[in-house]
Amino acid sequence: MKHRITLTVNGELQDIMVESHQSLLDILRNEVGLTGTKKGCNSGDCGACTVLLNGKAVNSCLVLAAELGGSEILTIEGLLRGRDLHPIQKAFIAHGAIQCGFCSPGMIMAAKALLDLFPIPTEEQAKRAISGNLCRCTGYTKIIEAIMDAHKFGKS
Amino acid sequence: MGCFEYLEPSSISEALQLLEIYGTKAKLLSGGTDLLVQIRHNDFRPHYLIDLKRIDEMRGRIIDSPLEGMKLSSLTAIFEIETSTEIGIKFPILAEAAGTIGSPQIRNRATLGGNLCRAAPSGDMIPPLLVLDAQVVIQGWSGERCIPLSDFFIGPGKTILRHNEILREIVIPPPPSNGAGIFLKYGLRQTMDLAIAGCAIFLVLDYGNKFPFCQDARIALASVGPTPLRAASAEKALIGKKMSPAVISEVAQWAIQDSCPISDIYGSAWYKRKLVAVLVQQALGQLIKKGYEK
C-alpha cells in the first residue's frame with residue numbers, strides 16, 4: 001500500500017508516494033535523491049544515517065517514511081549556505097576530522113543537533129553527542145576537537 | 001525488510017479496533033528503535049504495523065501529583081525522561097537510567113512503553129521502575145486494568161499483554177520522603193550497549209548512628225534472569241539492619257542467590273554472578289555516601 005506524504009526537506013516541500021516499509025533513509029536517498037545521508041548498518045547502531053527530524057537527531061533508518069507527514073527534515077545537504085560550507089563543515093576540514101568521509105555526514109548532523117543547543121560545548125558534551133556515531137578511520141579525537149571549535153568558524 | 005502495511009489510528013479506540021480486526025498479524029509501533037530492527041532480522045513478520053504516535057493521549061505526558069504520584073504516558077520519549085526537570089527532581093533514578101539507553105538518536109525516538117513492552121531482560125528503564133513500585137495501566141476493548149510492573153513480565157521478550165491490549169500509562173506512587181535511589185549499568189561500552197548486568201536500588205536510610213540504619217530497601221537486577229527481577233532475599237537481609245560493611249557484603253551474596261544468569265556471549269553465568277555482588281555493593285556504598293553528603 002502506498003502512502004502520500006508531504007514533508008519539508010532542507011526547506012523544500014516534498015510531495016511523494018512511499019511504501020509502508022520504506023524508511024526515511026530510503027526515501028531521502030532514492031525518492032528525494034539526496035545521497036549525502038549514508039546507509040551503514042540499517043539498524044540504528046552506526047549513526048551514518050543521522051539527520052535532524054524536527055530539530056532532533058535521529059537514525060533515519062529507523063524512521064518509517066509513512067509517518068513523516070508534516071515533518072521537517074534537515075540533511076547534510078541542507079547545511080550548505082549558497083556555495084559556502086557550514087561552520088561545522090569548515091571546522092571538520094580545518095581539524096582533519098574527515099578521512100574516508102563515510103561517517104562524516106552523520107557526525108556533522110549529530111554535532112549540529114548539539115551545537116544548536118550548546119554553541120560552545122565541553123569535551124564531555126561533544127563526546128556524548130556523537131556517542132551514536134561510529135568512525136573507523138579517525139579515532140574520534142579530531143572530530144571532537146572540531147565540534148568544540150566549530151563556533152570559531154561562524155554561527156551554527 | 002518484510003513488507004507490512006502501515007496504519008495510523010488517531011485514537012486509542014481506533015487502535016483497539018484495528019487490533020481486534022488484525023489480531024496477531026498486527027504489531028504496535030511506538031519509537032520503532034527495537035521493533036524495526038527485529039522485523040529486519042525476521043524476529044517478527046507482522047502484516048500490519050499500528051503506529052500509536054498519532055494518538056494524542058498516548059504521547060509524552062508527565063503528570064505529577066503529590067497524592068497520586070507521577071503518571072507517564074506510554075509514548076513518553078526516553079529523551080523526555082532523561083531531561084525532564086520534574087523527573088530529575090522527584091525520581092532522578094529514572095533520568096539516570098534513561099540517559100544510559102542507546103545514543104542521542106535512539107533516545108530521541110525510543111519510548112518508555114516500548115522499553116517495557118520489549119521486555120528485554122536487560123531493559124534499562126525496568127529496574128528503576130521496579131524499585132519505585134511502579135504500576136502499568138493496560139487498555140483493552142472492555143476497559144482498563146492496572147497491575148504492578150513486577151507482574152508485567154513473564155519471560156525474555158514476553159509480557160502479560162494480550163494481543164488486543166495496549167500499554168497506556170505508567171504510574172509511579174509518591175516515594176517515601178527520605179528515600180534515595182541509584183541505577184548502575186555495567187556494559188563493555190559506555191553507550192550503545194546492553195547491560196551485561198544492571199542494578200537499581202532504592203533505600204530509606206536513617207543516618208543517626210555510626211552506620212546508617214536501613215528502614216526500607218528495594219533492589220532490582222537486570223540481565224541476570226529471564227526477566228528483570230526484584231532481589232527479594234537481598235532486600236530482606238537489608239531491611240531493619242545497620243549498614244555495616246559486613247551486612248553489605250552479606251546482602252550482595254543474597255542478591256547472587258536471587259539472580260539466575262545464563263552463560264551467553266555477554267559473559268558466563270559465573271562472571272555475571274560476580275558482577276551482581278560488585279554492583280550491589282557499589283550501589284549501596286554510593287547511596288550511603290550520597291546520604292552523608294546531603
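Okay, one term before we start: a residue is buried when its relative accessible area is under 20%. Keep that in mind, and keep in mind too that this is a predicted model.

So, chain B. Buried residues account for 54% of its 294 residues. On the secondary structure side, we've got 11 helices and 14 strands in chain B. The radius of gyration comes out at 19 Å, close to the 19 Å the globule rule gives for 294 residues, so chain B is as compact as a globular protein of that length.

How about the contacts? Take those in chain B between residues at least 6 apart in sequence: 62% of them join residues at least 24 apart.

Chain B exposes about 12,900 Å², and 52% of that comes from carbon and sulfur atoms. As for charges, there are 31 positive and 29 negative ones in chain B, and their mean positions lie 6 Å apart.

Let me finish on one residue, Thr227(B). Where does Thr227(B) sit? In the loop between strand S13 (213-222) and strand S14 (229-230) of chain B. And is Thr227(B) buried or exposed? Its relative accessibility is 15%, and the cut-off for buried is under 20%, so Thr227(B) counts as buried. What does Thr227(B) touch, if we leave out residues up to four places away in sequence? Pro121(B), then Phe153(B), Ile154(B) and Gly155(B).

Definitions and conventions. Residues numbered from 1 in each chain as written. Chains lettered and ligands numbered in written order. Predicted model: local features only at pLDDT ≥ 70, side-chain atom pairs only at ≥ 80, totals over all residues. Heavy atoms only, no water. Helix = DSSP H or I, 4+ residues; strand = E, 2+ residues; numbered from the N terminus. Rg over C-alpha atoms; globule rule 2.2 N^0.38 Å. Buried < 20%, exposed > 50% of the residue type's maximum accessible area, 1.4 Å probe, protein only. Contact = heavy atoms within 4.5 Å. Areas by Shrake-Rupley, 256 points an atom, 1.4 Å probe, with all protein chains shown as cover. Lys, Arg positive; Asp, Glu negative; His and termini not counted. Charge placed at Lys NZ, Arg CZ, Asp CG, Glu CD.
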